[in-house]
Amino acid sequence: MSTDLPDVSGVSIGILGGTGDQGKGLARRFALAGHTVLIGSRTEERAREAAESIAGAGSVRGAANAAVAAEADVVIVAVPWDGHRATLESLRAELAGKIVIDCVNPLGFDKQGAYALPVEEGSAAQQAAAVLPDSRVVGAFHHVSAVLLLDPEVEEVDLDVLVLGDDREATDTVQALASRIAGVRGVYGGRLRNAHQVEALTANLISINRRYKAHAGFRVTDV
């Protein structure tokens with residue numbers, strides 16, 4: 001696998017909706033890797049509480065979503081699916097010109113378990129690209145276990161992160177950022193139009209985890 005990726009060690013990372021477990025888990029791991037991390041929420045107080053809960057990891061601050069979107073170099077979208085479009089529409093100006101990483105999985109749940117929801121644009125990442133025409137949208141971090149990210153006993157996360165996008169410089173940057181998390185490797189996974197099956201595969205992963213009582217991830221072989 002090519003290691004010709006950019007140096008992203010000085011990149012600050014904002015996480016919209018970062019008060020959930022996945023957002024806090026990513027914040028913790030990026031802070032441990034030496035990044036300045038900004039956790040965003042609809043309310044500044046909740047964002048600050050989330051940042052304080054992982055304060056020992058490194059440089060983590062909490063602020064309202066709009067402030068985080070404006071300040072961070074790269075922004076991760078980790079909001080619930082039902083608030084995805086509205087959140088991004090409200091931050092279009094702040095996110096203009098930035099790499100925006102969408103890790104949202106549009107899923108439903110019933111007695112049979114998790115299943116993928118239909119998305120008019122094709123996927124959450126494509127919806128983000130439609131809503132944010134002036135941003136460089138990349139899909140990534142869909143299959144990362146929040147439990148493992150938050151567990152202080154887990155020093156390395158055994159995982160490949162599939163990175164999808166139409167802008168080579170942006171996908172290279174996100175691959176490099178993924179690889180900053182100990183044990184993780186960023187792997188290019190295709191154009192943004194291929195994000196649907198990556199997001200939907202999360203439903204299969206949830207089924208695997210329930211059956212085997214695991215926190216399973218994916219590795220790509222022969223790369």
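This report walks through a predicted protein model, from its overall build down to a few residues and pairs.

Because the model is predicted, local features need pLDDT of at least 70 and side-chain atom pairs count only at pLDDT 80 or more, while totals for chains, interfaces and linings use all residues. Residues are numbered from 1 along each chain as its sequence is written, and side-chain values use heavy atoms, with hydrogens and water left out.

## Overall build

Let's start with the big picture. The protein has 9 helices and 10 strands; these are DSSP runs, numbered from the N terminus, with helices being H or I of at least four residues and strands being E of at least two. Its radius of gyration is 16 Å, close to the 17 Å that the globule rule gives for 223 residues, so the protein is as compact as a globular protein of that length. That radius is taken over C-alpha atoms, and the globule rule is 2.2 Å times the number of residues to the power 0.38. Along the principal axes, the C-alpha atoms fill a box of roughly 40 × 40 × 40 Å.

Of the 223 residues, 51% are buried. Here buried means under 20% relative accessible area, exposed means over 50%, and partly exposed is in between (1.4 Å probe, protein chains only). The protein exposes about 10600 Å², with carbon and sulfur atoms supplying 47% of that area; accessible areas come from the Shrake-Rupley method with a 1.4 Å probe, and for residues only the protein chains shown count as cover. Among contacts (heavy atoms within 4.5 Å) between residues at least 6 apart in sequence, 72% join residues at least 24 apart.

## The loop between β8 and α7

Two residues in this loop deserve a look. H142 sits between β8 (136–139) and α7 (146–150), and at 5% relative accessible area H142 is buried. What is H142 in contact with, leaving aside its neighbours within four places in sequence? The list is D102, C103, V104, N105, L164, V198, E199 and T202.

Next, the aromatics. Rings of Phe, Tyr and Trp (its six-membered ring) pair if their centres lie within 6.5 Å; planes under 30 degrees apart count as stacked, over 60 as edge-to-face and the rest as tilted. That rule gives 1 aromatic pair. The partners are F30 and F141, edge-to-face at 5.9 Å centre to centre with 90 degrees between the planes. This pair links distant parts of the chain, since F30 is in helix α1 (residues 21–32) and F141 is in the loop between β8 and α7, 111 residues apart. Both F30 and F141 are buried.

## Salt bridges

Side chains of opposite charge can pair when their charged atoms come close. The structure holds 11 salt bridges, each being a side-chain nitrogen of Lys or Arg within 4 Å of a carboxyl oxygen of Asp or Glu.

R191 is partly exposed at 44%, and D166 is partly exposed at 48%.

R48 and E44 both belong to helix α2, 4 residues apart, or about one turn of the helix. R48 is partly exposed at 45%, as is E44 at 36%.

R168 and D172 are likewise 4 residues apart, about one turn, in helix α8. Is each one buried or exposed? R168 counts as exposed at 63%, whereas D172 is buried at 14%. Elsewhere, salt bridges that share partners join D158, D160, R185 and R219 into one network.

A55 is in the loop between α2 (44–53) and β3 (60–64) and is partly exposed at 44%. A55 and R28 are 27 residues apart in sequence, with their C-alpha atoms 8.3 Å apart. P133, in the loop between α6 (124–131) and β8, counts as exposed at 56%. P133 and L95 are 38 residues apart in sequence and 9.8 Å apart from C-alpha to C-alpha.
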